2 protein chains.
Amino acid sequence: MTTPSASAAPFSESRQREVAQALGAVLPHGCVLFRLEDTRPYECDGLSAFRQPPMIVALPENEAQVVAVLEVCRRMNVPIVPRGAGTGLSGGAMPIADGVVLSTAKLNRIVRLDAQARTAVVQPGVRNLAISEAAMPFGLYYAPDPSSQIACTIGGNVAENSGGVHCLKYGLTLHNVLRVRVATIGGDIIELGSEAPDAPGLDLLAVFIGSEGMLGIVTEVTVKLVPRPAVQRVIMASFGDIVTGANAVARVIAAGIIPAGLEMMDQTSSRMVEPFVHAGYDLDAAAILLCEADGTPEEVEDEIARMTAVLREAGATAIAVSDSEAERLKFWSGRKNAFPAAGRISPDYYCMDGTIPRKHLAQVLAGIAQMEVKYGLRCANVFHAGDGNLHPLILFDANVPDELVRAEAFGADILALCVAVGGTITGEHGVGIEKIDSMCVQFGAAELSAFFGVKRAFDPPALLNPNKAIPTLQRCAEFGRMRVTGGVLPHPDLPRF
Amino acid sequence: MTTPSASAAPFSESRQREVAQALGAVLPHGCVLFRLEDTRPYECDGLSAFRQPPMIVALPENEAQVVAVLEVCRRMNVPIVPRGAGTGLSGGAMPIADGVVLSTAKLNRIVRLDAQARTAVVQPGVRNLAISEAAMPFGLYYAPDPSSQIACTIGGNVAENSGGVHCLKYGLTLHNVLRVRVATIGGDIIELGSEAPDAPGLDLLAVFIGSEGMLGIVTEVTVKLVPRPAVQRVIMASFGDIVTGANAVARVIAAGIIPAGLEMMDQTSSRMVEPFVHAGYDLDAAAILLCEADGTPEEVEDEIARMTAVLREAGATAIAVSDSEAERLKFWSGRKNAFPAAGRISPDYYCMDGTIPRKHLAQVLAGIAQMEVKYGLRCANVFHAGDGNLHPLILFDANVPDELVRAEAFGADILALCVAVGGTITGEHGVGIEKIDSMCVQFGAAELSAFFGVKRAFDPPALLNPNKAIPTLQRCAEFGRMRVTGGVLPHPDLPRF
């Protein structure tokens with residue numbers, strides 16, 4: 001990305017005092033932070049290459065206080081950046097210098113859980129995994145599982161339309177959220193969606209999910225819960241070349257099977273992670289597929305047998321099936337630790353997040369292999385193969401200036417290839433500030449105008465997370481090239497991919 | 001509904017001539033209709049109680065001509081009502097007296113069908129069933145199956161987010177459309193959605209689907225195709241009371257089964273249809289459930305066994321399983337002919353289309369039974385039980401003025417009950433002009449303002465299907481009561497429900 005154009009104007013102390021006082025009048029003691037040592041922890045999200053402490057951090061404790069914060073900001077014309085746990089990878093929660101960060105950290109209550117209806121109503125600051133923990137006694141869980149699920153919040157998941165390794169079968173956040181309550185910049189509370197299958201009127205729930213905080217502040221989320229499967233087993237299959245592996249993915253899907261997970265790693269990735277996690281990967285394989293089945297013991301047995309047959313027929317050179325939960329977790333450990341492993345073997349890496357129609361998988365992988373030669377940089381490919389969601393990790397050393405430039409060009413080339421085959425520039429990490437210029441590659445002026453029209457309809461004063469996610473036409477005109485993230489993981493204790 | 005507020009202003013002959021000439025300049029000979037004998041066939045859709053011939057009918061033959069029609073209308077400030085096959089049940093395609101009906105009838109080409117990617121790209125005027133017919137040689141079909149599928153078009157399905165008896169398992173139009181091309185009132189062509197799993201930016205595809213022609217004119221639709229199941233079998237189960245039947249629906253779902261169809265009929269319905277279609281229904285049963293399984297022979301056998309066990313345990317008094325395709329179609333014939341049957345036994349009927357969270361099925365059915373006593377009118381209940389989508393048929397005689405008033409109040413009461421338990425005023429028939437006042441019950445001022453904001457973003461001059469689907473706040477303020485449809489079926493040769 002180019003340097004973010006989010007306002008970096010300094011603010012005067014008197015302005016800061018005025019806004020902090022106005023917020024202090026509507027929030028409890030200790031819920032307005034403005035000293036630099038207090039605002040510093042909010043200076044970035046998972047896209048740690050860009051840091052900017054906000055003028056003020058507001059921590060409302062309930063919906064009425066969220067509305068009150070929005071009213072103060074509207075009255076005083078202060079831009080607002082909403083923030084969940086700050087685990088996002090595209091800079092969606094990066095602060096604005098003269099703005100307020102509205103943190104949902106204190107809105108962390110599970111309001112109710114209805115096991116019969118299989119729904120939970122939660123506040124936005126509830127952690128993704130906390131929902132599944134609360135649902136566990138009822139044999140239920142919340143399906144989308146981004147790898148940051150220990151830390152990330154459901155409000156952030158709504159903002160980014162988060163996925164995870166199981167979204168091939170269970171869907172993205174969009175498919176697992178029934179309703180949201182939203183505080184608008186106008187001070188209204190609106191409810192979008194419904195617990196019933198379809199909602200009349202325009203489907204604004206779908207627009208809101210993935211809107212990266214630009215349309216309103218979510219104050220309550222009703223999620224679907226699904227039955228915890230009795231059994232989960234995973235197949236690890238080896239392939240002698242990557243195109244054969246990619247075609248095997250297509251064959252599994254073509255056989256009418258929807259695995260609970262369908263992940264692929266290339267040889268660069270498996271050799272990168274194996275010394276680190278000892279997952280037992282076949283290091284001679286050009287590609288490894290992980291295919292998970294879940295359900296009743298009979299269903300899993302049947303699906304494992306069918307997948308094994310398809311993979312064998314598709315040319316797998318070796319097949320192993322997990323025989324215990326410990327072995328299943330071992331098979332997954334390499335995939336789940338690919339990003340930290342990249343950080344160990346390379347000073348920096350650039351994690352891409354493009355999606356493509358599944359049928360073009362082999363073609364795009366071949367294209368990336370050519371780019372490795374062209375740019376003289378290695379690229380480890382790990383991806384949600386079933387979804388066509390690629391996470392190429394371009395390895396480079398930012399201390400060698402030329403490598404950074406080459407990595408930039410490499411990344412831009414990958415996204416352009418994704419778009420060229422009918423795919424998109426982001427699968428699950430959002431646009432934020434990171435991909436905002438690539439949006440110019442993805443969309444034309446008419447589409448961008450439609451986005452801005454909807455943005456204006458929700459946020460006429462343009463105070464909600466401005467300059468994120470949707471580039472202005474002017475910005476697109478100025479767009480020349482892409483820059484890379486640093487290789488720093490903001491929370492190195494969390495597995496993330 | 002109250003009398004539609006769609007403009008009924010007469011137009012001058014010179015105005016008609018001017019607009020027709022301008023359209024004639026951009027459309028081929030014979031594609032501009034303005035004589036009353038030519039415009040009369042377009043005077044209503046499936047909501048035949050309201051009729052209004054349009055000033056002009058335009059029949060563009062390609063996308064460029066659609067854009068040209070929109071440009072003429074925008075320049076001359078002429079409202080536009082888009083129209084597919086005119087099978088809609090809520091008056092979404094009812095003309096405006098001084099407006100243009102833009103028919104997609106001539107945009108009826110299947111552009112391409114990609115069996116490997118399981119997608120088809122079609123023009124909006126292609127009939128729903130024609131897609132499945134074209135996909136049949138590849139063992140594929142297009143899943144959503146509104147009962148008007150012989151006649152209705154994919155463009156109309158997109159406008160109404162149409163469902164069908166199989167949408168419990170396969171989803172609504174929203175879940176089966178990957179991308180649309182749209183001509184905007186501003187003369188642009190925009191593409192919404194993607195063949196990739198997720199799209200960056202705002203999810204405007206979801207907003208567009210079900211927007212009832214208010215946001216733009218769809219010029220091309222990319223649909224998902226799914227494999228045709230090898231086997232389909234249906235269980236017919238009887239229940240001694242309707243609450244037990246409703247609870248059985250909940251139990252099937254709770255068992256983790258997603259049947260291909262899960263339909264319920266009450267005794268009034270089964271006794272109404274049996275003399276007409278001889279489906280072999282148990283006329284002593286207070287409720288009949290139809291539960292369909294589809295898939296491979298093994299899958300179907302397994303699912304039929306599991307559903308049978310659950311239904312028995314839930315208190316089914318009799319269970320029959322179709323043994324042949326002929327028997328399967330016989331079991332379905334009663335359900336599929338419920339509406340025509342209502343027309344045979346009652347001078348008029350009012351078909352409602354509410355949805356409710358499944359868990360409230362028993363409660364809502366009990367409520368409707370109480371309303372039958374309260375209003376002194378019979379109500380036959382047929383519904384997509386698995387989806388919680390009710391189609392109560394209120395039987396009345398419009399020639400008895402008091403019955404019409406009672407039927408109105410009865411219908412409004414049912415929708416209010418649906419909303420009260422967290423449901424919605426329409427499942428799959430859309431809002432159009434029929435439900436526009438009930439939208440005031442469903443939504444508050446803030447939500448309606450959000451809808452209008454998005455509408456304005458797409459259609460600043462408010463020329464696309466004005467006064468449909470979203471009521472103005474003024475209209476809501478004036479809203480007092482609901483009126484009923486006539487019992488006339490516009491296409492009596494089509495089964496419809």
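How much area is buried between chain A and chain B, and what percentage of it do carbon and sulfur atoms give? The area buried between the two chains is about 4,200 Å². Carbon and sulfur atoms give 65% of that area. Buried area here is the accessible area (1.4 Å probe) that two parts lose on being put together, summed over both.

The model is predicted: local features need pLDDT of at least 70, side-chain atom pairs count only at pLDDT 80 or more, and totals for chains, interfaces and linings use all residues. Residues are numbered from 1 along each chain as its sequence is written, chains are lettered from A and ligands numbered from 1 in the order in which they are written, and side-chain values use heavy atoms, with hydrogens and water left out.

At the interface, 57 residues of chain A are in contact with 57 residues of chain B. Contact means heavy atoms within 4.5 Å. Two salt bridges are found across this interface. The criterion is a side-chain nitrogen of Lys or Arg within 4 Å of a carboxyl oxygen of Asp or Glu. One of the two links A:Arg306 with B:Glu299, with 3.8 Å between the closest N and O atoms. Four residue pairs, both members at pLDDT 80 or more, are in polar contact across the interface. A polar contact is a pair of N or O atoms within 3.5 Å; within protein, one must be able to donate a hydrogen and the other to accept it, and residues adjacent in sequence count only if both atoms are side-chain atoms.

Several elements of chain A each supply at least two residues of the side that touches chain B, among them β9 (189-193), α8 (242-254), α10 (297-313) and α16 (445-458). Helix α16(A) gives the largest share, eight residues. Helices (H or I, at least four residues) and strands (E, at least two) are DSSP runs, numbered from the N terminus. By residue class, this side of chain A holds 30 nonpolar, 15 polar and 12 charged residues. Ala, Val, Leu, Ile, Met, Phe, Trp, Tyr, Cys and Pro count as nonpolar, Asp, Glu, Lys and Arg as charged, and the others, Gly among them, as polar.

Chain A contains an open four-stranded sheet with mixed pairing, in the order β1-β2-β4-β3. Strands pair if DSSP finds at least two bridges between them. The edge strands are β1 (32-33) and β3 (80-83) of chain A. Two bridges join β1(A) to the antiparallel strand β2 (56-58) of chain A. A:Val32 stands opposite A:Ala58 in β2(A). Helix α1 (13-24) of chain A lies across β1, β2 and β4, at about 10° to β2(A). Helix α3 (63-76) of chain A lies across β2, β3 and β4, at about 170° to β4(A). Axes are lines fitted to C-alpha atoms, for helices over the stretch in contact, and angles run from 0 to 180 degrees between N-to-C directions.

An open antiparallel sheet of five strands in chain A has the order β5-β6-β10-β8-β9. Strands β5 (110-114) and β9 of chain A each have a single partner strand, so one side of each is left without a neighbour in the sheet. Neighbouring strands of this sheet are turned by 15° against each other on average, direction ignored. Six bridges join β8 (177-183) and β10 (217-224) of chain A. A:Val180 stands opposite A:Val221 in β10(A). Strands β5(A) and β6(A) form a hairpin with four residues between them. In its turn, A:Arg118 has a positive phi of about 60°.
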